[in-house]
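Subject: Structure handover and notes

Dear colleague,

I am passing on the structure we spoke about, and my notes on it follow below. Please read them with the model open beside you.

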Amino acid sequence: KLHSDLDKGVGTVKYTLSGDGAGTVFTIDETTGDIHAIRSLDREEKPFYTLRAQAVDVDTKKPLEPESEFIIKVQDINDNEPKFLDGPYVASVPEMSPVGAYVLQVKATDADDPTYGNSARVVYSILQGQPYFSIDPKTGVIRTALPNMDREVKEQYQVLIQAKDMGGQLGGLAGTTTVNITLTDVNDNPPRFPKSIFHLKVPETSHVGSAIGRIRAVDPDFGKNAEIEYNIVPGDGGNLFDITTDEYTQEGVIKLKKPLDFETKKAYTFKVEASNLHLDHRFHSVGPFKDTATVKINVLDMDEPPVFSKPMYTMEVYEDTPVGTIIGAVTAQDLDAGSSSVRYFIDWKNDVDSYFTIDATEGTIATNELLDRESTAQYNFSIIASKVSNPLLTSKVNVIINVLDVNEFPPEISVPYETSVCENAKPGQVIQIITAADKDLSPAGQRFSFKLSSEASNKPNFTVHDYRNNTAGIETRRNGYSRRQQELYFLPVVIEDSSYPVQSSTNTLTIRVCRCDSDGTIQSCNVEAIFLPVGLSTGALIAILLCIVILLVIVVLYVALRRQKKKDTLMTSKEDIRDNVIHYDDEGGGEEDTQAFDIGALRNPKVIEDNKIRRDIKPDTLRFPRHRPPAEDNTDIRDFINQRLQENDVDPSAPPYDSLATYAYEGNGSVAESLSSIDSLTTEADQDYDYLSDWGPRFKTLADMFGEEESYNPDKVT
C-alpha cells in the first residue's frame, strides 16, 4: 500500500506505478494506493521486481512528491521437485567385488531457493535394487551392498534412485531416476571338460598335419578370461599327435604329426590339459585353473597302396654296358592284411625313360639302349608300384642312375693355338705352352703326357718339353729361321692319358715364322712383307696408296668440270635482255630458254611459217644458212625494232605480243582471233566490238563491257 502525507482522503491525490511488471504483473488503485498482483508469481522465473511510485494532483496533474523506488521480493515456496538432469545412468562394477565397492554417484537438482527453508535440501534413497546396492543419502554415491556378486549368476541390475526435498520429510517433493549396473567379468572360473574321456576314430590313411578331431573345455567366463590353451600331457601316443586352440570356438583341434599304420598299432591313448591364458592372482586360492581329460584314438584299417623299401633308389652302370643288362631292382610290399601282389612299371614322361626297362613282377631294371656318358651322365625317372587286387592304389619312387665313364676318347689340345717363331730365335727358346683336354670324365690325378711323333723327332727344327703337370712347352732347336725358305712349320704332337685303356692322339701344331725386332716383338708375319724394300714400314705404304687415290679423284673431278663447261650457254650476263641482242649459231632449248633474245619474236607469224625449221632442237645433218637482216638493221637495231612495231600495229592479223616471250602460233583457224588490248596503237578508237555479241553467251559480259565503253566515249560522234 502506498500513501502520501498530502493525501487528506478527499480524492485530490492520484497514485501511479511504473517499472518491472507494472500493469502486467502488478496494478495500483489510483485513489487508495493499494498494489495488487494480477497473476501468479514464480520465484524461479523472477525472484524480485523493481517498481517506481508517485503521487500526482488530480486537478493540476503535477507531482505532489518526488518519485520513490521500491523492490517487491517474491518469497519462495516448495513448488519444484528435485530432477536428475543426467539420468538415466549406466554403470559397471567388477563381479566378486567386496561390500562398499564404488559404483556411481548421482546428483539431483532442485530449482527452489536453497537459502530459504528446506525446499532445496535433497535426500537420496533406493526404491529398487536392494539388497545388492546402497546409496549415500547426502552425496548420492552408489556402492555394492553384497559381497561376491557373480556375473555368471546375474549380470544386469536395474536400480531405482529417489531424490526428495524438504530433507526427506513428509510433504516434500521427490524425483526418481534409473541406474543400469552391469557386472563385468573377472577370471574367477577355471575351464572344465564336460566329460573325462573323448573317443576318436581316425583312418590310417590320414595325411600328416590334417585335423583328426576336436575336444572342448567349458569356461563360463567371458572374453579374454575365457581363452583356453590346450596341451597334450607327455605319455603314450602323445608324440604322434598335436593340439591347437581354435581362437573362434575355443576348441582343441587335434592334428596328426606322424603317419598312422593300422598294422603297426591300432589304438592310442593320451591326456589333454586345458588351462586359462590370463590368470587372476586374487582367485588362486580357489584352486588350479586347469582341467584334464583322456583322449582315446582308434586307428581304422584302410586299403593302402604298396610301400617301397627305400624312399629313393640310386644305381650305377658303365656306359659300354650291353643292352639288356640288369643294373638293379626296386622292391615294394603290400602291408595290408590281405597282402596282395605288386606290379611295377616306369612312369613315362619323356624319351629319356625309354633307355631302361623294368620287370613288372620282379622289379629288376635293365638297359634298353646303349648309354653314352658324354651325352647324358645321369638319368632320373619314377617307378610306380600298384596292387594287383586294386590297381588304383599306387605308390611312386624316384630312381637315379649314374652312368660311369669308360676311357674311350683320347686327349686333345684344349684350344687351337696360333704359334709363331721369330726369325732371330735362339735354340732352346720356348715359343708356346700347350694344354690338353679329354672328353671323358677325368678321374682324380689324371695325367697327360706330351711328345713328338716318331717322324718329327728326327727333324732339327722344334722339340716338345713335357712339364709333368698336364702342360708342355714347344722349344726351338735351331739358331734362326728364314721366311724366304719356309714360312710355316707343321709340328705333330702326340698326347696320351693315364687311364685304362690308354688313349692317345696326334695333334698338329702350325708354327708361323715372323719378323721380330731385337727384343723379340713381332713386327710382321705376312709373306708379302718379304718383298718390300728395306726400311719401308706399313704406315709409309698406306700413306703412298692414299696419295695415289687422292690424285685419281682430283683428275676425275677436273675432267667432269671441263665437260660441264662445254654445256654452259655463251650468254651468262644477268643484264636486261634488250641490251644483249647478239647473233649466234646455237638455237637454244625451246620456250624455257630465256638466256638469249630471239629477234624472230618480232616478226609476223605468217612470215615465220615459211621457215619450218624447229628452234628448240639442234638439226642432225641439215643446217640452213643464217639470214642476216638488211644492212640498215645492223646499223641501228632500235630503228629496226620500231619499224617492225609499226608494221604489227597496223596489221590486224598480227598476234598482240604482250612481252618479249615467244608464244606458240595457233594458225589461221581461230574464230575468236586475238583478244589482246595491244592490238593497235593508232586505230584503237576505230575498233568495232559489235561482233563480240555474235560469239555466244560466254562473251556476253565482254561484249557489254566494250559496248558500254563505246557508248560513253565523249570523243565519238554517233
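How many aromatic pairs does a search of the whole structure find? The search finds 15 of them, and please keep in mind throughout that this is a predicted model.

**Aromatic pairs**

One of these pairs is formed by Phe 26 and Tyr 49, whose ring centres lie 5.2 Å apart with the planes at 80°, so that the arrangement is edge-to-face. The two residues come from distant parts of the chain, being 23 residues apart, with Phe 26 in strand β2 (residues 26-28) and Tyr 49 in strand β4 (residues 48-57). Phe 26 is buried because its relative accessibility is 4%, under the 20% cut-off, and Tyr 49 is likewise buried, at a relative accessible area of 7%. The ring of Tyr 49 also has Lys 46 over its face, at 5.6 Å from the ring centre.

A second case is Phe 308 with Tyr 313, where the centres are 6.5 Å apart and the planes stand at 75°, so this pair is edge-to-face as well. Phe 308 counts as buried at 11% relative accessibility, and Tyr 313 is buried with a relative accessible area of 5%.

Elsewhere, Tyr 355, Phe 356, Tyr 379 and Phe 381 come together in one aromatic cluster, while the charged end of Lys 266 is placed over the ring of Phe 262, 4.9 Å from the centre of that ring.

**An open sheet**

Three strands make up an open sheet, in the order β22-β26-β25, with antiparallel pairing. Its edge strands are β22 (326-329) and β25 (356-358), each of which pairs on one side only, and from one strand to the next the twist averages 25°. Between β25 and strand β26 (residues 364-367), which run antiparallel, there are 3 bridges, and Thr 357 stands opposite Ala 366 in β26.

Is Asn 507 buried or exposed? Asn 507, which is located in strand β36 (residues 504-516), has a relative accessibility of 12% and therefore counts as buried, since the cut-off for that class is under 20%. Its side chain makes a polar contact of 3.2 Å with the side chain of Ser 505. When neighbours within four places in sequence are left aside, the residues in contact with Asn 507 are Pro 411, Glu 412, Ile 413, Leu 491, Pro 492, Val 493 and Ile 495.

Definitions and conventions: Residues numbered from 1 in each chain as written. Predicted model: local features only at pLDDT ≥ 70, side-chain atom pairs only at ≥ 80, totals over all residues. Heavy atoms only, no water. Helix = DSSP H or I, 4+ residues; strand = E, 2+ residues; numbered from the N terminus. Buried < 20%, exposed > 50% of the residue type's maximum accessible area, 1.4 Å probe, protein only. Polar contact = N/O pair within 3.5 Å; in protein donor to acceptor, adjacent residues only side chain to side chain. Contact = heavy atoms within 4.5 Å. Pairing = 2+ DSSP bridges. Axes fitted to C-alpha atoms, helices over the stretch in contact; angles between N-to-C directions. Phe/Tyr/Trp six-rings, centres within 6.5 Å; stacked < 30°, edge-to-face > 60°. Lys NZ or Arg CZ within 6 Å of the ring centre and 35° of its normal.
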